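Colleague: I am new to this structure and would like to learn how to read it. Could you take me through it feature by feature?

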Amino acid sequence: MSKDYEVIIIGAGPAGIFAALSLVEKGLNVLILEKGAPLEERSCPRKEGYCSNCSCCGVLNGWGGAGAFSDGKLTFSPEFGGNLKQFIDDEKELQELFQQVDKIFLEHGAPAEIYGADDAAVRELRRRASAVDIEFIPAPIRHLGTENCYRVLQDISTTLQNKCIIRFRSMVQQILVENEMVTGVKLESGEIFSAPCVICGPGRQGTPWFLQESQRLGLTIQNNPVDIGVRVEIPAWVMEDITSKVYESKFHYYAPFFDDKVRTFCMNPYGQVVLENSEGVITVNGHSYRDKLRHSENTNFALLVSKNFTEPFREPIRYGRYIASLANMLGGGVLVQRLGDLLAGKRTTGERLAKGIVKPTLQEATPGDLSLVLPYRYLRSILEMLEALDRLAPGVYSRNTLLYGVEVKFYSHRLELSTSLETEVENLFAVGDGAGITRGLVQASASGLLAAGEIIRRLR
Ligand SMILES: Cc1cc2nc3c(=O)[nH]c(=O)nc-3n(C[C@H](O)[C@H](O)[C@H](O)COP(=O)(O)OP(=O)(O)OC[C@H]3O[C@@H](n4cnc5c(N)ncnc54)[C@H](O)[C@@H]3O)c2cc1C
């Protein structure tokens with residue numbers, strides 16, 4: 001059978017896009033299939049703050065993938081945003097891959113400034129954190145900012161448009177395999193495209209579809225943990241001496257009572273709390289602009305409790321979605337509660353919220369009671385972490401602190417993959433968040449480069 005393309009890429013998120021950039025540079029004939037829209041056509045028809053539950057969410061799907069409207073914090077550490085270090089033993093090799101990712105972002109307009117590279121400030125913060133039993137994990141960050149993230153993706157799109165075929169609103173329904181070797185894909189529309197190599201990067205949004213396909217193809221599937229927690233919003237000055245030096249503060253803490261790990265995640269100085277639609281379940285997230293005119297007066301960050309479940313439990317994603325859906329059931333979306341109200345056993349009302357010092361940046365959140373949503377184990381660990389953080393940054397444990405729920409971070413189901421991210425089907429590669437091996441822009445992009453590198457070796 002003649003082949004239409006040399007490589008087909010499923011999904012135009014960072015994993016797929018970076019793979020494409022690398023492949024076209026070597027002159028390979030590439031087709032990108034994306035179920036969402038081009039960047040400039042991506043939109044959210046939300047009415048009066050309520051999610052319209054579109055069948056293909058314009059915020060999470062389309063050119064640039066899930067993080068296209070994020071503030072693009074690029075974290076260059078093997079400790080964050082994925083598990084690529086499990087595939088690349090040599091840390092130097094992994095760092096080189098990250099540098100390649102960084103170089104591409106810079107070439108397409110990322111700002112030059114790196115936060116968290118001031119050794120003296122990092123050492124001092126480590127000392128202060130360890131004095132209160134918190135581990136501070138340094139991670140240099142390049143902050144694109146929400147407005148620049150869009151521009152960088154636009155620039156990459158312009159580069160790729162002339163060098164490969166990109167089809168939008170093209171949902172892949174089936175991965176075609178013959179004699180345990182990939183041969184192409186079939187779209188929802190019935191169209192078939194053939195290629196000797198396929199890279200599958202469907203992201204978290206594509207997880208249900210990819211899980212189904214993986215099961216149909218008989219691929220080995222493993223469970224991944226699920227992280228559940230809240231988004232915290234405080235006045236920006238409370239953590240200013242920390243965020244001005246390291247921007248994204250990655251703190252890990254073992255909450256004393258349950259001994260579960262609680263971590264800070266996605267810190268947004270002067271940022272906004274936002275809604276996220278995780279396949280119909282409304283959860284919370286955050287972002288921030290580089291442009292000072294668009295700064296808020298608050299800093300927000302997630303506090304997530306990581307829990308590894310043991311046999312016979314096999315459905316961490318369903319469990320996380322179930323907890324988040326309780327907040328949706330009670331509040332029609334995301335709930336917000338003042339810490340003081342939670343500690344006093346009272347729900348937050350609109351009136352109590354209005355009395356608080358911290359003005360919520362997410363207007364659509366419903367004042368409510370998170371103790372009706374989060375299991376005791378999660379809630380207690382979060383409160384213990386807030387108390388510990390207060391010793392590092394006085395004011396975090398204020399009764400005015402706002403807690404939004406629920407924030408959930410899923411890793412997708414994880415496939416058995418080779419060191420070049422090839423699945424058990426020959427020439428079928430799985431990359432990015434949808435493969436269950438990453439959950440951040442840098443590692444997702446790096447995974448795309450890794451798979452592309454192997455394909456180039458095979459086809460050229
Ligand atoms: C609000 C938000 C803020 C974030 N902020 C940051 C941040 O600051 N820093 C950071 O490092 N990470 C951040 N992330 C995470 C980051 O965006 C993801 O880790 C990253 O986008 C994963 O890349 P990916 O290519 O694997 O998947 P995705 O970006 O999810 O892209 C997958 C693409 O595949 C398409 N697709 C799925 N199934 C199919 C199919 N069957 N056929 C065709 N197309 C399909 C989807 O439409 C989607 O466009 C954020 C995420 C969100 C949601």
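This is a predicted model: local features need pLDDT of at least 70, side-chain atom pairs count only at pLDDT 80 or more; totals for chains, interfaces and linings use all residues.

Colleague: Which residues of helix α5 are buried?

Modeller: A residue counts as buried if 20 or more other C-beta atoms lie within 10 Å of its own. In α5, which spans residues 207–216, T207, F210, E213 and S214 are buried. They lie on the same side of the helix, because they cover an arc of only 125° around its axis. On the other side of α5, Q212, Q215 and R216 are exposed, and just after the helix G218 takes a positive phi of about 75°.

Colleague: How many residues does the largest nonpolar core have, and which have the most contacts inside it?

Modeller: The largest nonpolar core has 136 residues, and V7, I8, A19, V198, V334 and Y404 have the most contacts inside it. Helix α11 (residues 441–459) gives the largest share of this core, nine residues, while domain 1 (7–132 + 139–222 + 413–459) and domain 2 (226–410) each contribute at least three. Leaving aside residues up to four places away in sequence, V334 touches several residues, including L275, I282, L362 and Y404.

Colleague: Which residues come nearest to the ligand?

Modeller: Of the 42 residues around the ligand, G13, G65, G67, G203 and G432 come nearest. By class, this shell has 14 nonpolar, 20 polar and eight charged residues, and α1 (14–25), β3 (73–75) and α11 each supply at least two of its residues.

Notes
Residues are numbered from 1 along each chain as its sequence is written. A nonpolar core is a set of buried Ala, Val, Leu, Ile, Met, Phe, Trp, Tyr and Cys residues joined through C-beta atoms within 7 Å. A residue is buried if 20 or more other C-beta atoms lie within 10 Å of its own, exposed if 12 or fewer, and partly exposed in between; C-beta atoms are placed from the backbone. Helices (H or I, at least four residues) and strands (E, at least two) are DSSP runs, numbered from the N terminus. Domain bounds come from an automatic or database domain assignment. Two residues are in contact if their C-beta atoms, placed from the backbone, lie within 7 Å. The arc is that of the directions from the helix axis to the C-beta atoms. A residue is near a molecule or strand if its C-beta atom, placed from the backbone, lies within 6 Å of it. Ala, Val, Leu, Ile, Met, Phe, Trp, Tyr, Cys and Pro count as nonpolar, Asp, Glu, Lys and Arg as charged, and the others, Gly among them, as polar.
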